[in-house]
Amino acid sequence: MRTPPEFEELKCGPRHIHIHGHRGARGILPENTLEGFRFTFGIGVRIVELDIFATCEGTPVITHNPRLSPYSTRSEDGSWLQAEGPLISELTDLELSRFDVGGLQPGSEYANRYPDQAFMPGLRVPLLGDLCRMISANGYQDTWLNVEIKSHPMHPENTPSLPVYVERILSVIDEAEVGSRVVLQSFDWRILHECARQMPEIPRSYLTYTPKPNPPRPVNVYEDSPWMDGLSLAAHGNSLPDLIASDGGQVWGPFHHDLTAEDLAAARNNGLLVNVWTVNEFADIERMIDLKVDGIITDYPGRVQRRLLDHGMTWTPPRHSAAEPEGVAIA
Ligand code: MG
């Protein structure tokens, strides 16, 4: 199945590399909020990355963890959660809407990681439908969503059954008629296979992380990994680009430290786009610009803009003016 012609726009060019605002612009605004997404579009960055779970009603919502985090969530009375909150998948839409996710808990490790993040009381976990409707409006026609669908092979309780979960997400995207400006990504390749079954024309991005001994992460690329839905790296000469292309993927999303020039070349030979996550440090941004990836996913979109400008580059294809974000209002 062919991807929409618009997808070609997401390739890098001689003088541009795309910026994907990670969870909006987590470095400076509360993550996965409409305010963060609106700001990112407002500075002329055309692509935002976001994370999806679903409530017990099956409504896709934009949030990163399976449970509400005590480091970024307050109850209706303004008090911080004392421990991890309930599963998103066990909350009704109304119950979830009562929590405030507009700031980081002072003194927490997470707050210390993002010392420049603004504090904006009153922000709520948005619905995926809210964001889809935002980008279907005038002024946002050139924007894209890089939608990460969260799930865990060993924790089925975190999500609805995968066919139902994916169906709900795709129907929200379809209803807003923004499917030609969406990329679907996941570490859980069972999700990508379900997306391919239900809506094969939407491009799929295979997120990868190669586990290191120190410290180990439970994701995602290793032999017999439940995240890979039966696929084997060894069966493809230990080449992730070969594996992803042969599985019908269009995009590879490696952790930036894992990416080599050889693998990038292999991805290009296979016709894959390469979007790296999550690139925040100056030296790492420079390395990704030198490698010439297609997209840089970052918590600091302004920081990547400035590095690209230093290289005489921009973050939009020639027909889009980076200096004037086409009437997108910040307010
Ligand atoms: Mg994500």
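This is a predicted model: local features need pLDDT of at least 70, side-chain atom pairs count only at pLDDT 80 or more; totals for chains, interfaces and linings use all residues.
Next, colour the site by accessibility. Glutamate 49 has a relative accessibility of 2% and therefore counts as buried, since the limit is under 20%. Aspartate 51 is also buried, with a relative accessible area of 0%.

The side chains of asparagine 32 and aspartate 51 are joined by a polar contact of 3.1 Å. Asparagine 32 belongs to the loop between β1 (18–22) and α1 (34–42), yet this loop residue is buried, with a relative accessible area of 3%. To view its surroundings, select Arg23, Phe37, Glu49, Leu50, Asp51, Ile62, Thr63, His64 and Pro126; asparagine 32 is in contact with each of these, neighbours within four places in sequence being left aside.

**Helix α1 and its cover**

Which residues of α1 are buried? They are Leu34, Gly36, Phe37, Thr40, Phe41 and Gly42. Show the elements around them: the cover over these buried residues includes β1, β2, β3, α4, β4 and α10 (301–310). Just after α1, stop at glycine 44, which takes a positive phi of about 90°.

**The largest nonpolar core**

Nonpolar side chains tend to be buried together in soluble globular proteins. In this model, the largest nonpolar core has 42 residues, and those with the most contacts inside it are Leu50, Leu131, Leu145, Tyr165, Ile173 and Leu184. Colour the contributing elements one after another: α1, β2 (47–54), β3 (60–62), α4 (128–136), β4 (144–149), α5 (162–175), β5 (182–186) and α6 (189–198) each supply at least two residues of this core. Which element gives the largest share? It is α5, with 7 residues.

Centre the view on leucine 145. Not counting residues up to four places away in sequence, leucine 145 touches Phe41, Val48, Leu50, Leu131, Cys132, Ile135, Arg181, Val182 and Val183. Apart from this core lies another, of 32 residues, which includes Val221, Ile244, Leu259 and Trp315.

**Strand β7 and proline 254**

Move to strand β7 (residues 251–254) and select proline 254, which is found there. Is proline 254 buried or exposed? Its relative accessible area is 0%, so proline 254 is buried. Its contacts, residues up to four places away in sequence not being counted, are Thr208, Leu259, Val274, Asn275, Val276 and Trp277. Leu259 in this list is also among the residues of the 32-residue core.

**Aromatic rings and charges over them**

Display the aromatic side chains next. The whole structure holds 8 aromatic pairs. One of them is formed by tyrosine 110 and tyrosine 114, an edge-to-face arrangement with 5.5 Å centre to centre and 70° between the planes. Both partners are buried: tyrosine 110 has a relative accessible area of 12%, and tyrosine 114 has a relative accessibility of 6%. Then select Phe187, Tyr209, Phe255 and Trp277, which form one aromatic cluster. Trp277 is also a contact of proline 254.

The charged end of arginine 74 sits over the ring of tryptophan 80, 5.0 Å from the ring centre. Arginine 303 lies over the face of phenylalanine 282, likewise at 5.0 Å from the ring centre.

Most residues other than glycine have a negative phi. Select aspartate 229, in the loop between β6 (204–208) and α7 (240–246). Aspartate 229 has a positive phi of about 50° although it is not a glycine, and at 34% relative accessibility it counts as partly exposed. Finish at asparagine 238, which is found in the loop between β6 and α7 as well. Asparagine 238, again not a glycine, has a positive phi of about 60° and is exposed, with a relative accessible area of 56%.

Note on methods: Residues are numbered from 1 along each chain as its sequence is written. Side-chain values use heavy atoms; hydrogens and water are left out. Buried means under 20% relative accessible area, exposed over 50%, partly exposed in between (1.4 Å probe, protein chains only). Helices (H or I, at least four residues) and strands (E, at least two) are DSSP runs, numbered from the N terminus. Rings of Phe, Tyr and Trp (its six-membered ring) pair if their centres lie within 6.5 Å; planes under 30 degrees apart count as stacked, over 60 as edge-to-face and the rest as tilted. A charge sits over a ring if NZ of Lys or CZ of Arg is within 6 Å of the ring centre and within 35 degrees of the ring normal. A polar contact is a pair of N or O atoms within 3.5 Å; within protein, one must be able to donate a hydrogen and the other to accept it, and residues adjacent in sequence count only if both atoms are side-chain atoms. Contact means heavy atoms within 4.5 Å. A nonpolar core is a set of buried Ala, Val, Leu, Ile, Met, Phe, Trp, Tyr and Cys residues joined through side-chain atoms within 4.5 Å.
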